[in-house]
Amino acid sequence: MPESTSFDTAQRRSRQIEADLASDAGRYRMLTGDRPTGRLHIGHYFGSLANRVRLQDLGVDSWIVIADYQVITDRDGVGPIHERVLSLLVDYLAVGLDPARSTIFTHSAVPALNQLLLPFLSLVTDSELRRNPTVKSELAASQRPMSGLMLTYPVHQAADILFCKANVVPVGRDQLPHLEQTRVVARRFDESYGRVDPTRPVFPQPDALLSEAPNILGTDGAKMSKSRGNTIEIGMSADATAKIIKKAVTDSDRHITYDPQARPEVSNLLLLASLCTGRSPQDWADEIGDGGSGRLKAVVTEAVNATFAPIRARRAELEADPGHLVEVLAAGNARANEVADATLDEVRTAMGMVYDLP
């Protein structure tokens, strides 16, 4: 199917799901997550975290993976993994993810999830994996040989989604190939290995919940990225936030206008003010007018700090209670293991690999 046709189909289905959420959110289970490679920033918040909280609050059964194993897909080591995992957890809880309604867990603590890789890898070909956009870009950009883990990254993501039988995954357009690979694995498992219950496949074919997340640039005008050092971290102090915004790239025209094509850096700051306040970027541009970049940055600083002040206060409370963090993660891992073990048992039954040995 051509990419445009595939996207149109996914978009239509996504709109149907969004319409259904208001009345029947309980029929959906969502899987999403992050790699613990550094501290989360405001791009993550507006791009995905706020939407996760929205879906949770609507009543969607939410599963959040802290993908610690996937840190090493494209890195030589895990780095300060313990600190980063706890930092992610603090951010999740501070923005409003509720462990009573969202299962938060780590990859490495769920053996049955990772064991699904073996049967799943039997269902895909080497050429299919190498055509995946993420794998292709890594192969083109990397100065070292492709690792087996990087090559099988799309299948590991399929295991993340399918172990808990998630039927909806929030993604952007560029992530659709990963979700399509998951759908292929689910379909091929049914075709190759069969079912336990004749009336339904072992795995659902999950749908995309397409995100219309804003594209927030970093303070240097490039893509916001932890590795570029151009981010405003969720947990930064108000003073640190002000210093970073003060250094943000703009242009020489004193009159502030919203024009993303001709003035991307200025427009990016206006967008950020809009996201924090609910007022449109154009409205902010009209108000600032000839106030120049100084006035623009002051507006953005005030808006960002006001928006994240309660989140940062909650972060401080959570960081002061590490015992609570351990309890939350332990409970999430226990729940994930319970579900993963049941799924693996069903997989082994469908494959005829239960032997009832004494």
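Reader: Which way do the residues of strand β5 point, and are they buried or exposed?

Author: In a regular strand the side chains alternate between the two faces of the sheet. In strand β5 (residues 207-210), Asp207 and Leu209 point one way, Ala208 and Leu210 point the other way, and all are buried. Buried means under 20% relative accessible area, exposed means over 50%, and partly exposed lies in between (1.4 Å probe, protein chains only). Helices (H or I, at least four residues) and strands (E, at least two) are DSSP runs, numbered from the N terminus. This is a predicted model, in which local features need pLDDT of at least 70 and side-chain atom pairs count only at pLDDT 80 or more, while totals for chains, interfaces and linings use all residues. Residues are numbered from 1 along each chain as its sequence is written, and side-chain values use heavy atoms, with hydrogens and water left out.

Reader: In what sense do β4 and β5 pair, and over how many bridges?

Author: Two strands pair if DSSP finds at least two bridges between them. Strand β4 (residues 168-171) pairs with β5 in the parallel sense, over four bridges. Within this pairing, Pro170 stands opposite Leu209 in β5. From β4 the chain crosses through helix α10 (residues 176-193) to β5, and this β-α-β crossover is right-handed. A crossover is right-handed if, with the strands pointing away from the viewer, the path from the first strand over the helix to the second runs clockwise.

Reader: Why is strand β2 described as largely enclosed?

Author: Five of the six residues of β2 (residues 61-66) are buried, so the strand is largely enclosed by the rest of the structure. Strand β1 (residues 29-34) pairs with β2 in the parallel sense over six bridges, and Arg29 stands opposite Asp61 in β2. Strand β3 (residues 102-106) and β2 also pair in the parallel sense, over five bridges, with Ser62 opposite Ser102 in β3.

Reader: Which helices belong to the β-α-β units of these strands?

Author: Helix α2 (residues 42-58) makes a right-handed β-α-β unit with β1 and β2. Helix α3 (residues 81-95) makes a right-handed unit with β2 and β3.

Reader: How many salt bridges does the structure hold?

Author: A salt bridge is a side-chain nitrogen of Lys or Arg within 4 Å of a carboxyl oxygen of Asp or Glu. The structure holds 26 of them. Asp98 is partly exposed at 25% relative accessibility, and Arg101 is partly exposed at 39%.

Reader: What does the pair of Asp251 and Arg263 tie together?

Author: The side chains of these two residues meet in a salt bridge of 2.8 Å, N to O. Both Asp251 and Arg263 lie in the loop between α11 (238-246) and α12 (264-277), so the pair ties together parts that are twelve residues apart in sequence. Asp251 is partly exposed, with a relative accessible area of 30%, whereas Arg263 is buried at 8%.

Reader: Which backbone oxygens does the side chain of Thr307 reach?

Author: A polar contact is a pair of N or O atoms within 3.5 Å; within protein, one must be able to donate a hydrogen and the other to accept it, and residues adjacent in sequence count only if both atoms are side-chain atoms. Thr307 is placed in helix α14 (residues 292-319). Its side chain reaches the backbone oxygen of Ala303 at 2.9 Å and that of Cys276 at 3.2 Å.

Reader: What is the phi of Lys165?

Author: Most residues other than glycine have a negative phi, and most peptide bonds are trans. The phi of Lys165 is near 60°, a positive value in a residue other than glycine. Lys165 is in the loop between α9 (153-163) and β4, and is partly exposed, with a relative accessible area of 22%.
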